[in-house]
Amino acid sequence: MTARDSLAGATAISGLGMTELGRVYERTASDFAAEAVLAALADAGLAKSELDGLLLNAGISQGVDLSLVQTLGLRELSLLTQMNAYGSSAGQMVQYAAMAVHHGLARNVACVFADAPLLRGQRAGQAYGGARARRPGLGSVLPSLGFAGPIPFYALHAQRHMDVYGTTQDQLGAIALAARAWAGKNPRATMREPLSLAEYHASPWVVAPFHVLDCCLVSNGAICVIVTRAERARAGPRPPVYVHGLGQAHQLEWSDASPSLAQRSSRAAFEMAGCAPADIEMCQIYDCYTFTVLTTLEDYGFCKRGEGGPFAQSGALAPGGALPMNTGGGMLSSYYMWGMTPISEAVIQARGDAGERQVARKSRIAVSGNGGIFNHHATLVLSPHALG
Amino acid sequence: MADDGAKVSDPAERSRPYFAAAARGVLALQRCTSCGASAFPLRSRCGACGSTALEWHEAAGAGRVFGHGQLARSSVPELEGRLPLTLLLVDLDEGVRIPARLAAGESGVRAGDRVTLGFEAAGDGTPLPVFRREARRAEP
């Protein structure tokens, strides 16, 4: 048996700040970011002068940058950067923050995601897929073919899974329905009205096998978490959410190389946390699309390869299920704050703050982030308990 | 023709061999003259061995369907009135995966099907890679 990594359980999330999320107009990403950081500081019981680390992830609108330091009047920073690996960025920020506080390079590091791509009167798809400038040269072939934005790529991966393993449309639908059932219990969620399988099937096609309801929302807002050393978090006003394990994996080539990024990333995180997939009691999985969830569940080892569809259809992920997932409604039904959506929900659940949607079994919560077209992955294992 | 892409940064200029070949109905790919690895999309350095000695060569135009999907709506204006279309990701025998479409008149494609390349012109004349399923040989 190898010695446990000294980073395992050494750090914790001590503060969480969330702005109003969703169709919130006439505010900039920078303004959302500032509000989220200040809210997280207040939640952690910290004065602004105690914040000495700031990591930023701007979303698709790229509306926040290092000028946030000036906006917030931060004067004590010893750690600062803006980073982006899309949907895995948030998990990565927590990792870099954890390493920094563990080694004493900073005491309290704020990790913030902020975005404001939605304009009043504009459809979500315009905010994302439509705004891209036409690229010169070979890059022009993609949109001419019909590959605009990430949706076609994910949809084609999903259809492959259906062809190879017999995954069904109903099984993808089960993931959308589970998210909506949880969202109904989350007062912050954008889409709270109940969703039936018939309504899912009636939702317009985008790129088959994806209906509109297989794709996540687009949201305005910001979420921030504060990472600090475990003993410092214990002295704070709120219950610490311990970081038991961390992992990342990246690869820009398209290939069938095995193991996948999500496998590599989750194995690293589970190994650091000293746990197996069967020890995970709840998961917050990056759900940019229903299919992303299905394949992540397989890669993380919660079910066998090819069995993600039946697993989702079994009801395991929905309220009352064996592996409660995306208990705030996820990005499919609640709010799309990239990797901060799953992280924030894990913090809320670990603290016991989830109200009507609170899950009792929460000792180990797996959190995933996925970026690009399966190009970037980050995994966290979070817990309300110190690592014994 | 060796293309030292590191010295040629203009993507339109660098893509010229691709479009010249496509106009002849041929798919051109970059290939590393040091290790033989094919590359897509455009790059200035071989991802396998690091060499900058990349040349253009003609792909055989055959491969296997990785994934497929029916494009029903799109933000791309020129596709208005042309939907639905079947999009493909094809793993070429050269070892690269390329986005493409199913050729007009074809249907019923599945992941794993062998396919062969052709080109169809987009609305603005851009030659687009399309694939049709290989004619299956009669079983002996």
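Two residues are in contact here when they have heavy atoms within 4.5 Å of each other. Keep that in mind as you open the model, which is a predicted one: local features need pLDDT of at least 70, side-chain atom pairs count only at pLDDT 80 or more, and totals for chains, interfaces and linings use all residues. Residues are numbered from 1 along each chain as its sequence is written, chains are lettered from A and ligands numbered from 1 in the order in which they are written, and side-chain values use heavy atoms, with hydrogens and water left out.

**Stop 1: where the chains meet**

Color chain A and chain B separately. On the chain A side, 34 residues are in contact with 37 residues of chain B. The size of an interface is often given as the accessible area lost when the parts come together. Buried area is just that loss, taken with a 1.4 Å probe and summed over both parts. Between chain A and chain B it is about 2,900 Å², and carbon and sulfur atoms give 63% of it.

Now select Asp163(A) and Arg110(B). They form a salt bridge, with the closest N and O atoms 3.9 Å apart. The term stands for a side-chain nitrogen of Lys or Arg within 4 Å of a carboxyl oxygen of Asp or Glu. The count between chain A and chain B is 1 salt bridge.

Polar contacts are next: pairs of N or O atoms within 3.5 Å where, within protein, one must be able to donate a hydrogen and the other to accept it, and residues adjacent in sequence count only if both atoms are side-chain atoms. Across this interface the rule finds 11 residue pairs in polar contact, both residues at pLDDT 80 or more.

Which elements of chain A give two or more residues to the side that touches chain B? Select helix H4 (124-130), helix H5 (141-145), helix H6 (151-165) and strand S5 (205-208) of chain A to see them. Helices (H or I, at least four residues) and strands (E, at least two) are DSSP runs, numbered from the N terminus. H6(A) gives the largest share of that side, 8 residues.

By residue type, the side of chain A that touches chain B has 19 nonpolar, 9 polar and 6 charged residues. For that tally, Ala, Val, Leu, Ile, Met, Phe, Trp, Tyr, Cys and Pro count as nonpolar, Asp, Glu, Lys and Arg as charged, and the others, Gly among them, as polar.

**Stop 2: Asp115(A)**

Jump to Asp115(A), in strand S4 (residues 109-115) of chain A. Is Asp115(A) buried or exposed? It counts as buried, at 2% relative accessibility. Buried means under 20% relative accessible area, exposed over 50%, and partly exposed in between (1.4 Å probe, protein chains only).

Show what surrounds it: not counting residues up to four places away in sequence, Asp115(A) touches a set of residues including Phe32(A), Tyr128(A), Asn220(A) and Trp338(A). Ile60(A) is worth a zoom, as its backbone nitrogen lies 2.9 Å from a polar atom of the Asp115(A) side chain.

**Stop 3: salt bridges**

Side chains of opposite charge can pair when their charged atoms come close. Over all chains, the count comes to 22 salt bridges.

In chain B, pick Glu58(B) and Arg24(B), whose side chains meet in a salt bridge at 3.2 Å, N to O. Glu58(B) lies in strand S4 (residues 54-58) and Arg24(B) in the loop between helix H2 (16-23) and strand S2 (28-32) of chain B, so the pair ties together parts that are 34 residues apart in sequence. Glu58(B) is partly exposed at 49%, and Arg24(B) is exposed at 54%.

Move on to Arg114(B) and Asp93(B), another salt bridge, at 2.9 Å from N to O. Arg114(B) is in strand S8 (residues 114-121) of chain B, and Asp93(B) is in the loop between strand S6 (85-92) and strand S7 (97-102), 21 residues apart.

Then try Asp113(B) with Arg133(B), a salt bridge whose closest N and O atoms are 3.9 Å apart. Here Asp113(B) is buried at 11%, while Arg133(B) is partly exposed at 29%.

Back in chain A, select Asp43(A), Arg238(A), Arg351(A) and Asp353(A) together: they are linked in a network of salt bridges.

**Stop 4: cysteines**

A disulfide is a pair of cysteine sulfur atoms within 2.5 Å, and the structure holds 0 of them over all chains. Cys288(A) has its nearest cysteine sulfur, that of Cys216(A), 6.3 Å away. Cys288(A) is buried, at 6%. For Cys49(B), the nearest cysteine sulfur belongs to Cys32(B), 3.6 Å away.

Conventions
Buried area = accessible area lost by both parts, 1.4 Å probe.
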